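Reader: I am new to this structure and would like to learn how to read its helices. Could you take me through them slowly?

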Amino acid sequence: MDEVSLNSEPAYDDEADEFEIEGYCGMADYIGQGGTIQGENPLPPAVGMEFDSYDDVYYFYNCYAKDQGFGVRVSNTWYRKSKERYRGKLSCSSAGFKKKSEANRPRPETRTGCPAMVKFRLMDNKRWRIIEVELEHNHLISPATGKFYKSHKTMGVGKLEKKRPPPVDTSAEEVQKVRLFRTVLVDAEDNGNVYSKDGEYGIGVDQSNQLKLKQGDAQAIYSFFCHLQLMSPNFFYVMDFNEKGYLRNVFWADSRCRVAYGYFGDVVVIDTTCLTENYEVPLVVFTGVNHHGQSVLLGCGLLSGETVESFTWLFRAWLTYMLGRPPSAFITDQCKSMQAALSDVFPRASLCLCLSRILEKVPDKLGGLHEYEAIKMALTRAVYQSLRAEEFEAAWEDMLQQYGLRDHKWLQILYEDRKRWAPVYLKEIFLAGMSPVRPSEGMTSFFEGFLHKCTPLKDFLCKYDKVLREFHQEEAMSDVGSRSSSPALISSFYFELQLSKLYTNNIFKKFQSEVEGMYSCSSTRQISVDGSINTYIVKEHAEVEENRRDTRDYEVMYNPSEGEVLCVCGLFNFQGYLCRHALSILNQNGLQEIPPQYILLRWRKDIQRNYVLDHGCNTIDVNNPVRMYDHLYKCGVQVVEQGRKSQDCFKFALHALDEILNKVHLAEDLG
């Protein structure tokens, strides 16, 4: 590491000031195989990240700076009278301005007064904590220029001990060395907690802001993280400790979560079922939906309680792991503290309440009422059959009036939050099929069937890897099915054939139900023209309730010059494909193909996703054809990626593949 000099006079003080750190108050654990991270960008510094030494903070910020393309210099270092450092500030090398020189030929000004910096201080636990961060620069930066700055000339790996020798890297590309920032995790039986016979906390222990760990749970968490570090490259976890040093909150995710988020991070579900229903495992799960409409894991957390502080910490940890890229929408339950934390950390994201979770509470909240079945039917009708806000509000008012529910507290709260859960208010938000549009639809928890109320934490951690493997295998099997075949067509419409070639089988089958529904649309008529926008009414004779059919009018607006079509039902934003009413208008206007803006990249089967190349598992089940196919496919893609880099590489790869194919044919003949 370069020697660094102070750019200002040392500041002395009898006692360091005390700072109130908000939000991200945990330890950042930057872990890769053998102390290295390949192909991953260093995370940006965040308030609350802690390090073992002053030099560790400098090294961490210097790694980040090199990746971003700017230099680092020490702006200030504060000392006590004992000459012990207790506070520091690192800045971009373009911070401030040089002193004016009286020389005949003064050197040109190279600094810009850049505000980018980090401030950090020594805490009571003798660790250095980042207390203030500014990431924005007032000048252009480029990763290509990072190697030319003085602070990056000698970046050693550091003195911290690695878990094992680093793997031999035979590639010509630079492998970035990243230190291991670790913490000590003490098991509950050794940290002063008193247990009763059944393992619960005893008298005299403050449980309000710490995880309720049972004997052996902390060791299980540590072993779990060690295992995932070995199995999943760039596995990441963050821990939050309270003022007494007890474990309070945890967040973890592997590299697959981050890469999957890059493809499917437009809408994120935060499942807090385990918290709200008092599971033994206080789990919070971040999930999205992949190109097959299947759940995909985007991170997990353990929280000490449903407090704004805990949720804020968790969301900031997750956002930091996702490189500061928030989704466009969240779907959550009705927890007020979680909603407050989401609004604070993600002020621009749309916050929607999970309709499935709300309707699941109906039997519990309304089941004791005299006319429960009729009330349930009226509620369902208001939710799913209202096409406009005024229709929903009128139906709700009729329900309250007819059944005397005006003073029902739960219904009052529900109505106040209606713009976050009722479909009629969510038509402007893209939800990727993660909010039900029909009474028969619903959502399930990612770990449903594997995690129950009484499942111990240690048992859940043991099952975790198995659950992920099953989800990965299901996705791989769906990939194989979509690449090798398509469902049979049910109509002569060209846009059905069009999407059969583009979309995965699962999503295409859902789209087919809309194509089939076109036969229920008995007539269409134009009712107005406003400039280039034509408005139509589509009549559909369809089932509106069980064993009851009705004819309903759907208003569809169509702009032929822009190829835009918008239906009042809002299905495209809810599900990600056009509804039968919009398709009927396109067909009536002679369009054979669906306009490109309504063909979403996230549903396509021909997109090669990087995370498929890393399942986090080095063993191959030779009795499982899907696993064998997927592993061979990964290896083949790697050859293709290397082979396209030059003509020589292309010729060599092509020749090698021909030889391999001949040998495989020979092995097949011998077998």
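This is a predicted model: local features need pLDDT of at least 70, side-chain atom pairs count only at pLDDT 80 or more; totals for chains, interfaces and linings use all residues.

Reader: How many helices and strands does the protein chain have?

Author: The protein chain has 18 helices and 20 strands, taken as DSSP runs (H or I of at least four residues for helices, E of at least two for strands) and numbered from the N terminus. Of its 671 residues, 50% are buried, meaning under 20% relative accessible area with a 1.4 Å probe, protein chains only.

Reader: Is helix H1 mostly covered or uncovered?

Author: Helix H1, residues 54-68, has 13 of its 15 residues buried and is mostly covered. From first C-alpha to last, H1 reaches 21 Å, close to the 21 Å expected at 1.5 Å a residue, where the expected span is 1.5 Å times one less than the number of residues. Gly69, with a positive phi near 105 degrees, follows H1.

Reader: How are two packed helices described?

Author: One gives the angle between their axes and the distance between the axes. Here the axes of H5 (residues 308-321) and H6 (residues 336-345) come within 8 Å and cross at roughly 40 degrees, the axes being lines fitted to C-alpha atoms over the stretch in contact, with angles from 0 to 180 degrees between N-to-C directions. H5 and H6 are therefore oblique to each other, since angles under 35 degrees count as roughly parallel, over 145 as roughly antiparallel, 65 to 115 as roughly perpendicular and the rest as oblique.

Conventions. Residues are numbered from 1 along each chain as its sequence is written. Side-chain values use heavy atoms; hydrogens and water are left out.
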